[in-house]
Amino acid sequence: MKNTMKKGKWHFILWHGVIGWGIPTAVLFKLIMHFTGEISFIDGLLTALIIFPIGGIFFGAIMWVIMNRQYQKLKSE
């Protein structure tokens with residue numbers, strides 16, 4: 001956890017929020033939509049690859065706050 005904190009907030013948000021959550025979630029969402037509906041995988045893929053990574057920024061920021069609180073708590077003990 002200490003190494004993660006050293007790399008910084010924006011590094012964490014980019015790697016864990018955007019790349020680790022946003023992009024895989026966009027692809028998974030499009031696959032589910034493709035196999036359960038009449039929507040082609042390609043239709044709306046670009047939109048999903050924009051919207052979900054933006055959501056990943058928020059996801060990463062929330063996870064950073066949670067992790068930072070845990071780190072500070074462990075550090076103070």
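Let's start with one side chain: Trp21 has a relative accessibility of 29%, so it counts as partly exposed. Keep in mind that you're looking at a predicted model.

Trp21 sits in helix 2. So what does Trp21 touch, once you skip its neighbours within four places in sequence? Its contacts are His16, Phe52, Gly55, Gly56 and Phe59. Now find Phe58 as well: 37 residues separate it from Trp21 in sequence, yet their C-alpha atoms are 10 Å apart in space.

Next, look at the helices themselves. Helix 2 covers residues 9–36 and helix 3 covers residues 45–76. They pack with their axes 6 Å apart, at an angle of about 140°. Roughly antiparallel would need an angle over 145 degrees, so this pair is called oblique instead. If you check which way they cross, you'll find a right-handed crossing. As for what lines the contact between helix 2 and helix 3, there are 19 nonpolar residues, along with seven polar and two charged ones.

Finally, head to the largest nonpolar core. Five residues build it: Met5, Phe12, Trp64, Met67 and Tyr71. Which helix gives the most to this core? That's helix 3, with three residues. Met5 is a handy place to look around from: leaving out neighbours within four places in sequence, Met5 is in contact with Trp64, Met67 and Tyr71, and with Asn68 too.

Conventions
Residues numbered from 1 in each chain as written. Predicted model: local features only at pLDDT ≥ 70, side-chain atom pairs only at ≥ 80, totals over all residues. Heavy atoms only, no water. Axes fitted to C-alpha atoms, helices over the stretch in contact; angles between N-to-C directions. Helix = DSSP H or I, 4+ residues; strand = E, 2+ residues; numbered from the N terminus. Parallel < 35°, antiparallel > 145°, perpendicular 65-115°, else oblique. Left-handed = near helix turned anticlockwise from the far one by under 90°. Nonpolar A, V, L, I, M, F, W, Y, C, P; charged D, E, K, R; others polar. Core = buried A, V, L, I, M, F, W, Y, C linked by side-chain atoms within 4.5 Å. Buried < 20%, exposed > 50% of the residue type's maximum accessible area, 1.4 Å probe, protein only. Contact = heavy atoms within 4.5 Å.
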